[in-house]
Amino acid sequence: MKKCLILLMALLLFACAPLTVTASEPYRGYTYSSTDEGTLDVAAPQAYLPSAVYGSKELGVTLTSPEDLQFDKNGNLYVCDAGQNAIYVFSPDLQLIRTVTGFDNNGTPDTFSQPYGIFVTDGGELYVADFGHERVVALNADGSLLRIVTKPDSDLLNESFVFQPQKVLVDTANRLFVLSKNVNEGILQFTEQGKFLGFYGSNTVTANPIDIIWKEIMTEEQTGKLTQFVPVEYKNFSLDHKGFIYAVTAVSDVGDPIRRINLSGGDVLVRAPIDGSEKVMGDVSYPYGGVTGIVGPSSFVDITSDNLGNYYVLDDKRGRVFTYDEEGNLLFVFGALNSGQVGSFSSPSAIAYHEHRVYALDRANAEMIVFEPTEYARIMEEAMNSYLLQEYEESLELWEEIIKRNNNCDLAYYKAGYCLYRMMEYPKAMEYFKLVNAKESYSDAMVKYNQIVMDANFETYATVAAVVVAAGLIAWVVVRIIRKRKSV
Amino acid sequence: MKQALNILRHPIDGVWDMKREQTGRYRDGFILILLTILAVIFNRQMRAFVFNNQYNVPLEIIKEVAIVVLPVFLFVLANYAVTTLLDGKGTFKEIFLVTCHSLMPLIIFFVVTPILSHLLSLNELVYLTIIDAFGYAWMLLMLYLGIKEIHEYSASKMVSTLVLTVIGAAIIVFIVLLFFSLLQELGSFVYSLYREFSMRL
């Protein structure tokens, strides 16, 4: 009987063992992989997990509707709140340094109204998109007024134009860029002094040929009833470490919702992921209908980038952050909407990358979520870094570590292949390229390999070729002689 | 076999000899079709990774068989239908045999190019494309000359019959599809009728 009891208790202990409480991740880690059956979403390790949530209480300020955040070069965090009409400045350890609620406008105290966007230059100048007052305010580092930019007087703008700045940015050439509400011609571009230069990075209108033919056939009344072909408005933008501007549009069915704009206003975003899809658009497969009400492609509200050339785009439709590398390969997806767990979004508004962490604002919950990279993301970052530094052996090891953790990561195979290629281990490189169907790289490696084989064994090949040619010639001559004799 | 090689080397005379001396056999045609199927599969499976778009796609024998048999069958049927109306001298058997014999260049090229593809890199893709195109061109030329010969057609009449043959093939496909969809309708009708009765009675 006693033995039975002990056995029972042991069994009970076993049964209880899996019940140990572990905090589960608030969202599923996934990525897209191209397979025989098309592009599928496949499981992937978690790359970033929410590590802390800062609300009004934690930060010691009143947040009601935080709209934009930015780190300056000293690591100070600027958060602008459209509900409180204030810009909060925090030290790197998130202690409040000062609150900017107004400025001295040539002797009269002035305030902001619904500031939706801010930008801090390296010199500490603060640019505020003062939405409600229809102006952009630039303040010096000491808080004194530097300049006010109001509605530009230009032939390019029609009478009814309303200047409602939502986002601001100053590039390396000190040009001021403004995104104004309901402007779909592009980004408003100003000189340092605030003179309007024109539109920048204009969205092109996409109309398919059939629509154009219909437009030719239909009467004016009919075309009037059609939805008009208008360019899509930019939602947000940010400066990358090389001085290019990343811009996002909220509507994704434009084909290229994410753009990288160069000095002359052209789109130079590289869309060459190794799966050959040429797509950089957030979620690749998504429901077109359903009960959740969340249908259609991703809708982006903000973008940020790191020094490795990776960029992070925030999708407010599903509360996800998509991370891409410079070539347009999808690296990570993280974040969730209304999952009920701490660290999920409700209405995400802005995102910033700083020192390996991703900071995101949520306007409805009035909080800031900090995402900490997991070991997986750290290894990936390390691998990319050592690849850029041309430390291929080290990089190869790290990429192979990534493959161990996520054998769906096409990029890891590809990069590992390239490390081997650089290390002149062509047959191994070819194996990796073959696994991810990278035909061009495979071919390059093959050419190099053939050259080596050729160089090493040239004499053997030459001898064999000479022997074959000679044997052929002799055989031909012999056959001819025999035929001649026969005919004779 | 000898006859096949003869036709390959001298398409016009070879076909003419076959027609005159009545040496054509159905068996030869079927062997050639079988060889073509094998060559198509060889080409698909053995082509170097760099030039092979179906490298990761699993092989389906039925698909490969269909890709050879259906066009041949369709062409023979359509051509026979058209040429009987346009006083062609060729019989069904002859049309079939000429079509099968004109597959010979494909057999050769589908064996040679996969081997060659292992020696080339992606930069030399154009050469492989040219070689492939040459194989197809040769096949079409043999088909044209052979069919022209057995029907004893002039060049202009030959071209117009070929166009009509293509149209005829399209019509056959259409009718077959129509037939099957009607059959499906009929099937579902009978089934619903059966359900109706079984539930009421």
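This note sets out numbered points on the structure shown above.

1. Basis of the model. This is a predicted model, in which local features need pLDDT of at least 70 and side-chain atom pairs count only at pLDDT 80 or more, while totals for chains, interfaces and linings use all residues. Residues are numbered from 1 along each chain as its sequence is written, and chains are lettered from A and ligands numbered from 1 in the order in which they are written.

2. Chain A as a whole. Chain A contains 10 helices and 27 strands; here helices (H or I, at least four residues) and strands (E, at least two) are DSSP runs, numbered from the N terminus. The radius of gyration of chain A is 30 Å, whereas a compact globule of 488 residues would have one near 23 Å. That radius is taken over C-alpha atoms, and the globule rule is 2.2 Å times the number of residues to the power 0.38. Along the principal axes, the C-alpha atoms of chain A fill a box of roughly 120 × 95 × 50 Å.

3. Domains of chain A. Three domains are listed for chain A: domain 1 (44-372), domain 2 (392-456) and domain 3 (460-488). These bounds come from an automatic or database domain assignment. Between the C-alpha centres of domain 1 and domain 3 of chain A there are 77 Å.

4. A helix pair in chain A. Helix α7 (residues 410-422) and helix α8 (residues 426-435) of chain A pack at an angle of about 165°, and their axes are 8 Å apart. Axes are lines fitted to C-alpha atoms, for helices over the stretch in contact, and angles run from 0 to 180 degrees between N-to-C directions. α7(A) and α8(A) are therefore roughly antiparallel to each other; angles under 35 degrees count as roughly parallel, over 145 as roughly antiparallel, 65 to 115 as roughly perpendicular and the rest as oblique. The contact involves A:Y413, A:A416, A:G417, A:L420 and A:Y421 of α7(A), and A:Y426, A:K428, A:A429, A:Y432, A:F433 and A:L435 of α8(A). Two residues are in contact if their C-beta atoms, placed from the backbone, lie within 7 Å. By class, this contact of α7(A) with α8(A) has nine nonpolar, one polar and one charged residues. In this scheme Ala, Val, Leu, Ile, Met, Phe, Trp, Tyr, Cys and Pro count as nonpolar, Asp, Glu, Lys and Arg as charged, and the others, Gly among them, as polar.

5. Chain B as a whole. Chain B has eight helices and zero strands. The C-alpha atoms of chain B fill a box of roughly 70 × 50 × 30 Å along the principal axes.

6. Start of chain B. Helix α1 (residues 2-9) and helix α2 (residues 11-21) of chain B pack at about 140°, with axes 5 Å apart. α1(B) and α2(B) are therefore oblique to each other. In α1(B), B:Q3, B:N6 and B:I7 meet B:P11, B:G14, B:V15, B:D17 and B:M18 in α2(B). This contact has four nonpolar, three polar and one charged residues.

7. A second pair in chain B. Helix α4 (residues 61-85) and helix α5 (residues 92-101) of chain B pack at an angle of about 140°, with their axes 10 Å apart. That makes α4(B) oblique to α5(B). The contact uses B:V72, B:F75, B:V76, B:N79 and B:Y80 of α4(B), together with B:F92, B:I95, B:F96, B:T99 and B:C100 of α5(B).

8. Contact between the chains. Six residues from chain B and nine residues from chain A make the contact. The side of chain B that touches chain A has four nonpolar, two polar and no charged residues.
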